Structures are given as structure tokens and as C-alpha cells.
Amino acid sequence: MTNLRIPAGEMQWDAVSTALNEDGSLEIRAENAVVTAAVTVPETGTYRIRLRYIVRESAMRRTGLALTVNGKTPVDGADALTLDRPWVPDGEITTDERGNQILPDRKEQCAETEMVLSDPQGRYNEPLAFPLTAGENTLAFCFKNANVALVSVEIFNDEAVPDYAQLSDYYSQQGYRDAEGEVKLVEAEDFIIASDSTIMADFDKSDANTSPNDPALLYYNILPGARFQSVGQWVKWHLTVPQDGLYAISIRAKQDTKSGFVSTRRLRVDGQALCKETEAISFPSSSGWYRQAITANGETCRFYFEAGKTYVLSLEVIPGSLDGVLSRLEDLVYSLNSLYRSVVMVAGTDQDKYRDYKLAQQIPQYRETVTSLRKELESVLEQMLEQNGGESGSELTSIRSLITRLQQIEKDPDSLARTLSSFKSDVQTLSSWITEAKVQPVDLDYIAVHAPGAELPSVRAGFFRRISFEIQRLIASYAEDYGTVGDVYGKDDSISVWLSGGRDQLDVLKKLIDNDFSKNEKINVNLSLVSTNVREAVLANKAPDVAVFLAGDEPVNLAIRHAVTDLSQFPDFDDVIGRFRKDATASLRYDGGCYGLPLTEIYPMMFVRTDILEELGLEAPDTWEEMYTVAAVLQRKNMEIGIPSNIGMYATLLYQNGGSFFTEDLRQTRFDSEEAVDAFVTWTNFFSRYGFPLSFDFYNRFRSGEMPIGIAAYTTYTMLESAAPEINGRWEMLPVPATVRKDGTVSRAVSISNATGATTSPGLEQNMAVGVIFATSKQQEKAWRFLNWFTEADTQVEYGNAVEAVMGPTARYATANVEAFSRLPWDTVQREELLKQWEQVVLIPEVPGNYYVTRELNNAFRKVIYDYDNAVDTLNRYNVRINKELFRKRQQLDRKK
């Protein structure tokens, strides 16, 4: 049994990026710092690696790490490891003045911690096993974030875990006896530490016996599966028992979100395995609460605990019966998509069923590839059936379908061309299932550590208690305002703020307000979640003092009706707008005033499948001319490029050409300029001449490889990173292609308009959210101080991190504050690319009548695309109509003044 420990002080490091602390730890001071350790092992084999480190406070959720052994990446995933950054509750659960519970904030545990290096994709039950050769090995650790201090590295082998029969024999030899009559309930929501900031308690009123509970008030009484469901996440609780003895362990749980799916958890005590049976506890799906006991061969397992000793119980999400299967399936999905692309290159996506494509002759190793994939799928199917005890679930349907399809292809190679669409659907289904399989939700109420045979609380409420509870809930629903959180203050000593968003964002903002704004500014805030259109509230004279996260075209639309306040009148306005890009308020200004502050701003980026381009000998296009060259090659291979057909794409081309939407006085459009005409011709040519698709599912087509290049909102990055594991490391995000102007200058300007002219939006639907103050507010100064506070960098960072902590990385906040953006958890490379593009984002001014601009531009676009009208004549004709409507709208407003 090997167990080696290498203190940080005995390793090698670069003095510029790393420094030795007085306590012997190595402070990682720069990104991509490398620390090297020489390790001598007695024999060739596989070993686990444990890192001990001190967490430093950081905006990053986890520390990225890449490991090489003797200069090579030793196992799949070793180049994308992450270190846990544990989180603890920052205080106790409190209550507001109405009696509803309020969760405390969570904070990183900036202390020494340890972690055994595990698969970053969550595909295995056990940590990664690293191959080392007998003698000296060189381990190089590259830290991608400078937010830890390394204490030591340990190399070890696992100890054998006994099964329960062996553990029971040992207990008998020790003379341990059953505890008598004791029941200790460890409430799941009262955990002491968790692996992620996303793990937090929630409330459940589906059963009156969930503890604690109240029909009217909000009590946090469960650890929800929606927060604790990703493989690798863990939670810990303290446990003490009143007497020595053997105790059974039962868990009250509910898994009603994934029918037919079994979620799995690993239970450990003080970090040690109890027996094999506790290493994988299964929680089957059920429509209601049930109690899951730990058993072995039908016998209730009993474990020894000492009286008065504080133990640490932990539960960890593991793949369970899918151990090792997910890795094989991800490789299969990538290979199946490669097969799909090879057929698309020959036959296209719209095949002629009467044509013989001779795929076996056209595609190298076609038959061998099909047979290899079929055999691998059959092997995976056999493994899954064996691990499931022979039970066949719905998850096997797509695998069986693909096996049948591949068998048919082996007999008739051209059949894949005729059934390519359904083949792609099967692959997408399998890919989606892999992502879902890594998500293993199960709601937890409590962990009961109890004497065998002791009486436990009823699992579900009885009929009469359930009826009584539901009636009380119904009555309470008429009295309680669940759209308002926290304390409620009188109108005279507070301001009212409306938030357009979700409940999670509401909770996060309320905590920020209470702990920072109200505490320091001495201003009380009534915060409410609203789904109604604010224009309706204005018409009903029910507008709040402040509204946040309104659509970007609302401020000018409301300003026209004198419904919102001109923020430029406040003395520190110039200082406040200095937090944003220079052009950030262009669409919020009207008639000399500024009627809102930007909160979020989402702009497009170019996404590229680097593996496919490399396969074809291509590079990512930097200009539109290069894009045409790449498009020609891809289209010859029957692949496509995704270019948005919305008006934002036209505006992007227009601004890159040096043009603009309106004249300087904003009274007329400039669509009759040479730049505007050239941009319109280019825009329509994308679809009429080059054949780019008008509509497409970019996410799925990018995953499959049909669309190796596309332009989409930069927030697509976190979705692809989280939900498309099979293409990790095979794609990148870059700025959009540039236009080389006639004078030789290069412009990469982009518009963030999502307008299509097909909605009832009053403006250009620019992809930004804003905050406004309503003109009817009697608390103008207090309302301004709130907006001022909320747009500060520190507040935006704290809000963004808290939202991501609750909702996960796919909800990463797209702040408009430049300093705050730089402090959000983007890695260095992506942050630089995003900032490079953000510098050239151009906002289109909002003017009265913009709804007609978008409508008629869309009509002109459709005339060219569908009716084959001349692009230049069509734009000129519709431009006249647009300017007539803008003139009419100005006259209408002038009469109302």
C-alpha cells in the first residue's frame, strides 16, 4: 500500500508566478503558474492523487488545473481538472416581520481543504487513477486561476472497502450492541458545508409531514434535488448520538422529476467509507416522499457510533450504475456525429431517395466504421444491463434504435443517406440523455440515524392532516403576497422597486438590498416580482418608484409619454454613466435627456468548431471575405454557416461599412446612403446568393457539426460548455468577422438588436436590460440613490456571483458595468475575446416610430428573399415609407406637447 506526501516546499516553482509562504504553502500568484513535483513510486501501476490547498477569496467558482505526468496528459480529463471551493452558510436562518424564513448568505470557506482529483465531466464513481511507472515520475500542475495556496500533494492507493457482511462480523467481534429507542433526525437543510455555492435549502409544501412546515409561512425545510444534482457535488452535516451502539440510517427523500430514473448518492462518515453498500445508495423515482433505508441483501444495515462524539456525515452525487458508461457514450456520440457529417458531405441534408450515393465507395473506411460503432454500442448496452441488474429502462431505447439502424446500414450502406434525418435525431436523443444522466436530482428532508426498530415519524401525512393543511394553504394564498419578499414597509418611509425576472433573482437582490443598501443608505425598499407590462401600471397610475431589468426599448417609449424621469438631471449622473461603455446609453436618450441606466448588455460572438475546420484545412474567418471563402468549402461538403437574419445583422453590416441608422438630428433614416445600400445588399445576399439558412437551431446543429460556424449571443458559451461535453476542447468563441472598408480601415462593429419586425415591440429589441425611475415617484432622490448603488461595480459583481451561485454557470450575469464584467468568472482567454468585441458594440438610437422602422425593414428583406425583388430599389421604396411614418409620428407628438 503506497501513501506518499510531498510538501509544497519540496516542489519546484517559478518565483515570478509562485511564492513560498511562511507556513510552507506555495502561493499561486499568477494564472497558468506551474508547480512541479518529483514522485518516486515502488512499482508501476495506477495511483490516486490528493491535493491539500488553502482557498483564497475569489470570483471564480472553482480553480482550474491541468496535470501532466512525465510531460504527457496521463488520462482523459487531466487537462481540465477543477478543485473544490467549499461554501458555508454565513449565519443562521432568520425571519422577516411576516414570519417567513430568510436564508443566510453563503461564503467561501477560505481555509485549508483537500480533494482527490476526479473526472471533471462526472463520468465515474471513483476518482481518477493516474498511471505512474516504477521509479521517479515528474508531475506538473498548471493552475489556471491564481486563487489558492498549495500545501501538499499525496500519492496513494485505495484501501479495500468491506461489504456489510464483513463489517457486521467485525462489530460482533467487538461486542457492539444495538442502541435502544433513540432517533436522531439530521435536517437536510441544516448542512454545515457544501461543495458548491449553488447548493442551498428550499421550501416544500407538498406534504404536511415535511419538517418544519407551515401552511401560510415560508419555511426552508428541504435540500432540493434541483440544487444538489450534479455528479461530484457533496454536502456535509454534523451528527452526535446520545448513547454508544449500532444505529440504522434512513433518508426521507423524493425523486419526482425524472420518472423511471434512479439517482445515486455516496454516504461517508468522517470522510471514510463504511461499507460497499453505502458507496452507492439508490433513490428510485416516486411521485411522493418515501424513506430509503440502507440495506444489504434485504437486511437493515447498522453502524456503530460513540455517544457525544461529533461525526461528519457526507452525501456525494455519483453516476452509480452509469459508472464508466458515460465516458464511452460521449466518445460514441462524437464518432456518430462524425459519421453523420461524412454522409452529409457526400449526400447533403436534403437527399434524393432515388439516387445511389455509393457511400461505401465515397467515404473511406465506411463499412469498418459502421461495424465498429455498432459493436461498441452493443458492448455499452450489455454493460448497462449488467450494472442495472438486467433491468431495461427508457434510457436504452435510443441505444437500441441506433444499433438496429447500424445493422441495417451494414446490410445496405446507402440506407443511411435515406434515413439521415432520423439517424441525427437518434444521436441527438442519446446526447441529450447523457447530459441528463449526469443530473441526478433527489429532494432530501432528513437523515434519520436511529436505533433498529425505533418508531420514526410518518413518511406521509394522513388523510385528515393533509386535507386540513391544504385548506389552510388555500386560505393563506388570499392573504399572503408571495411576489414580495422580506420585510414590508410603509410608502412614506420606503421606495418600491419592481423586478422583471425570476424568483431566484428576486431573493438574491433582496438580500443584497437588506445587507448593503438599506443598511448603509438608511433607505427601506419594498421589492416585488412582476410579470405585467409596466406600461399597464403607468396607465393605471400604479407605477413603482423604480423598475429594474426592463427591456432596452422601454425607457424612450415611456419617456415619450412623460412616464419616466430624466436621469441626467442628477448631479452625479456623469460619474455614474462612466461605469459603462461610452455608447452604452445611446438607445436610452431622447430629446436631450437620458431615461435609463443599462444593467445588462448581450452582444453576438462567432462560434467555431475548430476540429472540423482543422479536418478541412481551414482557419476561422477574420473578415467577411474570408467567411465567403470558408463558406464555399463548407457548402461543398454540405455543411452550413449560421448567420442571424434579424435586423441586428443588417445594423452590424451597416455600422461596419461606416453608415448609421439615422441622421444626426434623428429625424430621418439614412438608408438611402451608399453604406446603407451596400449593407442591405450584403445582408440579403447572405440568404439569396450564398444560401445561408434563414432559421436554424444553432445549439444542436453546432453540436452535431452540421453548422461549424455561427454567430450567436455570447451567453451561448456557458450553455455549450455545460451541456455539450462531447465537443469540449473542440470549439472556440471569437469576435464576429470584420469589414475591410474602401479606405483600408477595418471595423468589427456589432449591433445587439434582435428585432425581426414581427413582434409588437415599440422599438429595436436591443439585447439589453435597464433600470428606470418613474416620473410619478415622490422619492426621486432615494430612487436615484438606489439605481446609483445597484449599478456600482461591487454591487453588480456581488449580484452576478450570487445569481450564478443559485442558478449555475448557464445563468452567468451579463453585466453592462465594464469593471464588474472583468471581475466575473470568465477565464482569461474568453474574457479578452469578449472585451475585444464589446469595445465595438454599437447601439441604435431609439426614436418615436421605431416599430415602423423594424417592420418595414423586415418587409423589404422578405421582398428580396421571397419575391426576388431588386435589393436597391426595394430598400429605397421602403425607406420613403419609413420616413413618412417617422414624420407623422413626430407631428403627432408635437401636437400633444
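Q: How many cavities of 30 Å³ or more does the structure hold?
A: The structure, a predicted model, holds one cavity of 30 Å³ or more. A cavity here is a set of points on a 1 Å grid over the protein atoms alone where a 1.4 Å probe fits but cannot get out. The largest cavity has a volume of about 70 Å³, a volume being the space filled by probe spheres set on points joined across faces, edges and corners.

Q: What makes a residue part of the lining of the largest cavity, and which residues are these?
A: Lining residues have an atom within 4 Å of a point. For the largest cavity they are N337, V427, Q428, S431, S432, N700, R703, S704 and E726. Two or more residues come from each of α7 (420–437) and α17 (698–704), and α7 gives the most, with four residues. Helices are DSSP runs of H or I with at least four residues, strands are E runs of at least two, and both are numbered from the N terminus.

Q: How does the lining of the largest cavity divide by class?
A: It has one nonpolar, six polar and two charged residues. Ala, Val, Leu, Ile, Met, Phe, Trp, Tyr, Cys and Pro count as nonpolar, Asp, Glu, Lys and Arg as charged, and the others, Gly among them, as polar.

Q: Why is I475 called exposed?
A: I475 has 57% relative accessibility, so it counts as exposed: the cut-off for exposed is over 50%, buried is under 20%, and partly exposed lies in between (1.4 Å probe, protein chains only). I475 lies in helix α8 (residues 463–479), and together with F463, F464, I467 and I471 it makes a nonpolar surface patch of about 570 Å². Such a patch takes residues with over 30% relative accessible area and no salt bridge, with nonpolar side chains (Val, Leu, Ile, Met, Phe, Trp, Tyr) joined within 5 Å.

Q: Why is the contact of D207 with R252 called a salt bridge?
A: The closest N and O atoms are 3.6 Å apart, and a salt bridge needs a side-chain nitrogen of Lys or Arg within 4 Å of a carboxyl oxygen of Asp or Glu, so the pair qualifies. D207 lies in the loop between β18 (193–194) and β19 (234–239) and R252 in strand β20 (residues 245–254), so the bridge ties together parts that are 45 residues apart in sequence. D207, at 8% relative accessibility, counts as buried, and so does R252, at 0%.

Q: What makes R473 and E470 partly exposed?
A: R473 has 31% relative accessibility and E470 has 34%, so both count as partly exposed. Their side chains meet in a salt bridge (3.7 Å, N to O). Both lie in helix α8, three residues apart, about one turn of the helix.

Q: Why do E601 and R581 count as buried?
A: E601 has a relative accessible area of 1% and R581 has 12% relative accessibility, so each counts as buried. The two form a salt bridge, with the closest N and O atoms 2.6 Å apart.

Q: Which values do the checks use, and how are residues numbered?
A: Residues are numbered from 1 along each chain as its sequence is written, and side-chain values use heavy atoms, leaving out hydrogens and water. Local features need pLDDT of at least 70 and side-chain atom pairs count only at pLDDT 80 or more, while totals for chains, interfaces and linings use all residues.

Note on methods
On a 1 Å grid over the protein atoms alone, a cavity is a set of points where a 1.4 Å probe fits but cannot get out, and a pocket is an open set with protein on both sides within 12 Å along at least five of seven lines; lining residues have an atom within 4 Å of a point. Patches are made of residues with over 30% relative accessible area and no salt bridge: like charges are joined within 9 Å, nonpolar side chains (Val, Leu, Ile, Met, Phe, Trp, Tyr) within 5 Å. Accessible areas come from the Shrake-Rupley method with a 1.4 Å probe; for residues, only the protein chains shown count as cover.
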